[in-house]
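This briefing gathers selected local features of one structure, grouped by topic. Please read it alongside the sequence and the coordinates shown here.

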Amino acid sequence: GCGQNSASSGSGNTINLAFTGDPESFDSSKVAESAANTVIQETQEGLVRLGDKKIEPAGATKWEVSSDGLTWTFHLRDYTYSDGVKVKAQDFVYAVRRMFDPATACPSAGIFYCIKGGEDFLNGKGSVEDIGVKATDDNTLEITLKTPTPYFEQLANFVSILPLRQDVIEKAGVTYGTDPKAMVFSGPFVVDSWIRGSKIILKKNEKYWDAANVKLNEAVISIVPEQATQEQLFDSKGLDIIQDVKAEYVDKLKTKIDAGDITSLVGYYPSCSYVAFNNKDKDKIFTNAKIRKAFSLAIDREAYSQNVIKKDVPAYGFLPFGLNNGEKIYREAVEEPLKSMSGEDPKKLFEEGVAELGLNTSTPITVTFLQRTAASNNKTISEYLQDQWQKKLGVIVKIDTAADGATFNKSIQKGEYQVAVTGWGGDYNDPMTFMELFLTGSPNNSAFFDNERYNELVNAGAVDSNADKRLDMFREAEKILVADNAGIAPLTYNVKTTYMQSYVKGILVQAGGPAWELKNAYIEKK
Amino acid sequence: MAENMNLPADNTAKGQGQPGKDRLVEVKHLKKYFNVRSGVLKAVDDVSFDICRGETLGLVGESGCGKTTCGRTLLGIYEATGGDVFFEGNNTSTMNKQLKKDFKRNAQIIFQDPYASLNPRMTVSDIIAEGMDIHGLYMHKERQERIYEMLNLVSLNKEHAGRFPHEFSGGQRQRIGIARALAINPKFIVCDEPISALDVSIQAQIVNLLIKLQGELNLTYLFIAHDLSMVKHISDRVGVMYLGCLIELATSAELYKNPLHPYTQALLSAIPIPDPEAEKNKQRVVLEGDIPSPINPEPGCRFRSRCRYAKAVCSEKRPELKEVGPGHFVSCHLY
Amino acid sequence: MIKEYEQELFEVVGYDKEVADAIVRPNITYWKDAWRRLRKNKVAIFSMVTLLVIGLSCILIPILSRVDYTGQNVAMTHLKPGSQHWFGTDELGRDVFVRLWMGGRVSILIGLLGAVVSLVFGTLYGGISGYFGGLIDDIMMRIVEVIVGIPYMIVVILVSISLGKGLPSLIIALCITSWTGLARLVRGQVLQLKENEYVLASKALGASPMRIILKHLLPNTMSVIIVNTTFQIPGFMFAEAFLSFIGLGVQPPYTSWGAMAALGQQQMSYYPHELLFPAVAISLTMLTFNLLGDGLRDALDPKLRQ
Amino acid sequence: MTKLMEVKNLRVSFHTYAGEVQAVRDVSFSIDSGEAVAIVGESGCGKTVTSKSIMGLIPTPPGDIKENSSILYKGKDILKFSDKEWQKFRGAEAGMIFQDPMTSLNPTTKVGKQIMENLMVHRHMSRSEALNEAVRMLEVVNIPNSRERVNEYPHQFSGGMRQRIMIAIALACNPRLLIADEPTTALDVTIQAQILELLKDIQKQFDTAVMLITHDLGVVAGMARNIIVMYAGQIIEKGTVDEVFKNARHPYTNSLLNAVPGLNLKSKVQLASIYGTPPDLLAPPAGCAFAGRCKFCMKICREQMPGVTKISSTHEASCWLQHSQAPKINIAEGIRGEQDG
Amino acid sequence: MGRYILKRLGYLLVTMWIIITATFFLMNTLPGDPVQTGTKLLPEAVAQNLRVKWGFDKPVTHRYVIYLNNLLHGDFGESMKTPGLTANAIIRDKFPASARLGLQAITFGLLVGLILGIIAAFKRNTWIDYTVIFIAIAGISIPSFVLAALLQKVIGGSLLPIIGWPSTNVWLSGFEYTILPTLAASFGSIATYSRFMRTSVLEVLNNDYILTAKAKGLSKREIVQKHVLRNSLIPIITIFAPQMAGIVTGSFVIERIFCIPGLGMYYVESINGRDFPMIMATTIFFSFFFIISIVLMDILYGIIDPRVRVSGEKR
Ligand SMILES: Nc1ncnc2c1ncn2[C@@H]1O[C@H](COP(=O)(O)OP(=O)(O)OP(=O)(O)O)[C@@H](O)[C@H]1O
Ligand SMILES: Nc1ncnc2c1ncn2[C@@H]1O[C@H](COP(=O)(O)OP(=O)(O)OP(=O)(O)O)[C@@H](O)[C@H]1O
Ligand SMILES: [Mg+2]
Ligand SMILES: [Mg+2]
């Protein structure tokens, strides 16, 4: 049976965790969602590993960058898969090639367009050999980039370039990644079993090169979609860690925290939710920067975050906390652009904008807010914004609901909307993961933001290896995006607080990437 | 009621298929088989007869011999397995819509089982008026009056009009069925044991009523009953059925005076007499032998297993219905 | 000991020619009779009154109340019921009491409208299919199977896209499959009922199939139809919530009981009142409809007639 | 002979929309074991209601068995029976043949099973024994092919056959009291005769009391020893068959006897029937219920209910004409005379 | 009977074909790009590759032909959401949990519902009847979500596990895991069956053959078993049939709350995620069961009431 979570196999070395949904697959070239990422990160050892807020050597003991910033050479340690076969540089080459193989259709391939020849091969233009990745010997991997990418080391942590064993994959065929028994693992843990919709059991990988430092014997990850159920399990110690909890639950936990039964870890998850205005609005309204700004300023972000959604922190800029620009944390180094603008009167701005557009003001202006399904959290947000805008700007806000996520995406993608709330989470730890979003023509530029100066600044920042210069460029670009031009109206930065039973030690919760890192975790004997 | 101003009643004996008579209903080789678990149940097996306008044909026979089935198949309530029925010269199975509607209005049935044939969720007035509503015969006030009139005809009170079927006694229910059939002035009525649940006085009233209507409106009846004296009284001709077949057909006087078929003889001798003395001393022709089954019947005469006169030929050939005297038909190898 | 009577009493007078007709009640139809009996049923009357009160409250309270059902106050969210806000406030600090009555408008309207549409369509469809049987039944039931077989979500999303949003498309989306259950129920009953002799009797009178279905078969199926309908009303209320989830239902800031209950579900561990009030409203409405339905069933049962 | 059952002052009403239908008004009679009593009377006069009361099958509401009514079976008042006692009584002690065979049979159960049920419950037979017995019962009531036909459903039988199945059900457990409500109406005379023989056999063999309700006075003559004549919910005359047939004292009984058509009747002449319609039981007349239809009606008949007059130890009638003050009239002659005239 | 079943099988094929065709084309008119369903849009080249992989570059009709052809070979295709898993595999994997939960729930719901319904009918308009009405109202108007959560809170935890499902010996072991979900899932059925049974029984009790049964001296229980039950079953069977089919698709809410590895979640999510092969597979699977249960229902009609002639023979 299952669910004997807390009872089984001596509590000292088992940890009980939960996901809200099943991973899609454990095939690192085919997935792009958090649950799969988390498990894959725990069970495979790539070039690097994300330590406490910084990249640490892992499969690669060291690496160099060529002076033009284009060639990265990684030196691998001698380590093996769970079946005892050595991990070779060729396995990384295979992984990169597989990622760009059109037949694989890797969803995250776009992140690695910086690798030379990758994009072309994906588009069916070049050949495999042209991809800038090669194994000079079993232990040396050389990656050649198209443009200098100062943050490539961050990308090296990404699941898509974890080593892959060609023989294993070819043996499993398309089903690779669905059956843990047919996989090999190079990370601290192996996937022992996976009962879809129920649970995943990780066991310590005895063949792991650093097995001596892995204290956990087992991790049981239950699939618990309902937050309330997770809470109940956590209360009864059936679950050791809980994340993304409601403010009300936190209040409930307070006494336990004070008593030391529960410890908490506060971290920022690099994501920002924002209001997207359609800068190419067919009804003109949101083509006007003043109007956009008025809408942005009309939102009481403090009240929104504290009273409406009751989580996260108000965002006055686009880039969230938790992103490094070089050594510094970007958000700490750059003041949020909207902070200084609190004095401006949105109504006045709005009227100016309307005048600029020459709109007829005899009847109130109506805008349509597109919400992604009427799920309760979406609904609360839309109704709050509706009320704010109607009250403060005197517009009429109609709420239109998309039938489902796909419909919503379609409308956004095709620019068939006026205002909508959406968000962005970083893929890697660099401002670029946010800044590139609003480049003209970027696929995720849902606001259809189109600003030449912004493009110029961001494109330059992308390849500049001087951290300070980048910071200045990004600072200006961000100001253009959220303040001057108000292409979007940021709402909040995601705060990720993790609560755990106090006997859980050594766990790492990262900004971005996997949900947690178990390599050094252990359960303190009670 | 123009259509009823037809030929005057002619109550003299009529032979089967006699030319020149106004035949209202002609039944030709009518068959109705039911599929049951253990085979084919031949409820009506090749029955032919005619009924003239203004005539009453009595139909008697052992219980379960197919009288009800015959009456219902004749009216198209059951789909015939074979044979044809002609009404006013038109084949009922190939009639067009209008004719069919007229047929339904002109040919009515009084059901044997009164309670089952009354919708439990209709008041008596609605039940009686249903035919009128269907054919748009009486409207509004007239309708109400007609309902009362019908109730009165069958000796029920006006007060009964608002009641539901379950609130009646068995006899009262039967009378509701009679009222329903009469309400639309049909030309032809299949009376399936219309009086069996009635006390003698009301029986008399109903029979008087039927006869009176026949006289006035030249109605035609197929009168199915077990009460042989009543059948004799009301019928011009009487047919005797046995196990799906018509075995004897004659004018009522003739049949009662001179029954030919052994079964008919047995039947007539079994009539109970309302006199304790006479009852005690009565001689009956007692039928012995196995009762045959209508399921997959064997060839030959259906009565032979119980017949005193059974011969070899009886088990070989099914006897034809032969005319042995004027208008007297019998189906027996004895004749 | 024989009592002595005045001798003249023993004069023979013979038949009484005037047949004294007893009290003749105005004779009424089945339906009128049912209505009369329904009115005598205390529970049913109580239910009707309750429904009326709920209905009137939905109409009047949002108009008469000083509180605006859209009025947000994010500083006072999730308040418990109290003297200020009788039923507390919701996640945006809006008054639940007024919103409840506002939501009732939509929910009751949807519940009734949906029930009526699927009632009419479902009974007729099932009646026809069951009565005619044979090929007609085969075809009609295969259509039902197809309708049930195609995923509802797909159909509904397409309805919302091709017909736009608003009450008509909402009703269409609600009713697209909802009638099939009733149709099958009625068909089942009709298959059984049509074998009754009174149907034969009616046929013999020349009744048209439609008449037999409407006058004989459906009245005798009524009790099942009633139960089904009283069940469908809350069903529609919840379905509306689901449809508004995908954008077909009421649009904010309007609300409905179903939508309120759906929101309340999310908050149930911490703010149970936000679920309680809409749920009670739905339950109460359903209870009254069910009691009324039972009363109606009894009223339609001639054997219980008094 | 012992008194098996005694009905005392039975009054049954139905509460209807229009008012209270007094279906049975103060009926008293008794049946000895082994005796056959016939109840005759106008359609709607309360025969079925009386017999259903004895079986405890009057639905209440709308039915209502009035206070003071009592039905004693072997000295015990069955109206006060508990559920358990009823179960023992019905089927085993008393069987009833219902008047309406179609609706009284369960349409979805094989007729064999409907007979077997009884046997299994009261005679504790095994399934196969019961089946054999059911087959035998069907044979006894003259249903051919009974071995096969036990497996058929009621709608597959003819009216008369259903009636015989009802009879088989009622007889299955050889009850001590058999209520036969018009048991042979749908039967032809030959089968009727056999069924009546069967009833007589059972009556003799098991000392069964038979309460026979019928309209067929011929059947009464052949079957019963005593006869009860009911009219408008009341008993108006009772006595032995001989007494009543030969020497009926009530004008209604006389009219009834007079209305029987004989085989020697002329075709299509008016049959004798009783003038007028029976009274409405919603508001039965204060006096004699038959008064309005009685040729010899006297003033007092319209005003007061007649008392019971004993004519012999077994024969009694409720009619003012039997009162000593009444004019002496030959009722039978008078009624026949009217018909001839 | 044999011919009748053959005929119904023929109909089944036709109906299935219509459902498959309709669903296929309707599904393809849904807005939203099946390869762009995540919150983040994929680069166009990546998306294009995915489209090629799933065949979205071909015209719908062409894809339809391919799909039908695959279907004839028993291939339902690969799920788009869970790369590597075929729809067949997912259904095979997930069906047992849904089926067990469903079977347990409808059996329990049916039994309790029928019993409550019969009791309510016999005690019409007494407090017992009203209690049953209350249970029914609760069953219908308390969303199963709430009920499930309440069960978890009130009964779960110490007494019974609140989540999970037996993973080995799926059909028989781990009964304790199935108790709460079964209860939660059966509440609605209890409500429905009890209400329908109540009216249905009341109708039957009106019939004269109940008097006959009484006159035979049967006890109340015997009357119910032998005469009432069967005659009141037609509406129950009518409701039961689609419920049987519903087992296949499982219950979204219950499975979600109790973390049961069933098909329910898949059905809803596959539509949201435009997982076309899964949509088709579950639709086919569901429709097949639905139609089969309708056939059984029709046959049962005839068995329950011999007067019903579903096989269409003439009177
Ligand atoms: N449920 C009822 N509600 C109202 N009146 C009823 C009910 N049942 C019977 N009656 C009335 O009671 C009277 C007696 O009915 P009962 O069935 O006993 O007559 P009966 O003597 O058996 O007549 P029949 O010979 O016609 O069967 C009738 O007038 C009938 O209308
Ligand atoms: N629907 C049916 N299915 C199968 N068999 C039937 C059906 N209806 C009647 N029968 C059979 O047909 C035969 C004739 O039945 P029918 O009702 O015509 O007899 P009947 O002459 O009217 O008898 P009764 O005088 O008893 O009413 C019987 O053996 C009966 O069992
Ligand atoms: Mg008959
Ligand atoms: Mg009677």
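C:L52 counts as exposed because its relative accessibility is 57%, where exposed means over 50% relative accessible area, buried under 20% and partly exposed in between, with a 1.4 Å probe and protein chains only. The model is a predicted one, in which local features need pLDDT of at least 70 and side-chain atom pairs count only at pLDDT 80 or more, while totals for chains, interfaces and linings use all residues. Residues are numbered from 1 along each chain as its sequence is written, chains are lettered from A and ligands numbered from 1 in the order in which they are written, and side-chain values use heavy atoms, with hydrogens and water left out.

**Surface patch on chain C**

- C:L52 is placed in helix 2 (residues 42-64) of chain C; helices (H or I, at least four residues) and strands (E, at least two) are DSSP runs, numbered from the N terminus.
- Together with C:L56, C:I59, C:L60, C:I63 and C:L64, C:L52 forms a nonpolar surface patch whose accessible area is about 610 Å² in total, by the Shrake-Rupley method with a 1.4 Å probe and only the protein chains shown counted as cover.
- Such patches are made of residues with over 30% relative accessible area and no salt bridge, nonpolar side chains (Val, Leu, Ile, Met, Phe, Trp, Tyr) being joined within 5 Å and like charges within 9 Å; a salt bridge is a side-chain nitrogen of Lys or Arg within 4 Å of a carboxyl oxygen of Asp or Glu.

**Sheet and helix in chain B**

- Four strands of chain B form an open sheet in the order 2-1-4-5 with antiparallel pairing, two strands being paired if DSSP finds at least two bridges between them.
- Strand 2 (39-52) and strand 5 (90-91) of chain B are at the edges with a single partner strand each, so one side of each has no neighbour in the sheet.
- Strand 1 (residues 23-36) of chain B runs antiparallel to strand 2 of chain B and is joined to it by 11 bridges, with B:F34 opposite B:L41 of strand 2.
- Helix 1 of chain B is mostly covered, as eight of its eight residues are buried, among them B:C70 and B:L74.
- After helix 1 of chain B comes B:G76, with a positive phi near 80°.

- Most residues other than glycine have a negative phi.
- A:F448, not a glycine, has a positive phi of about 55° and lies in the loop between helix 14 (432-435) and helix 15 (452-463) of chain A.
- D:D207, also not a glycine, has a positive phi of about 55° and sits in the loop between helix 8 (189-206) and strand 9 (209-213) of chain D.
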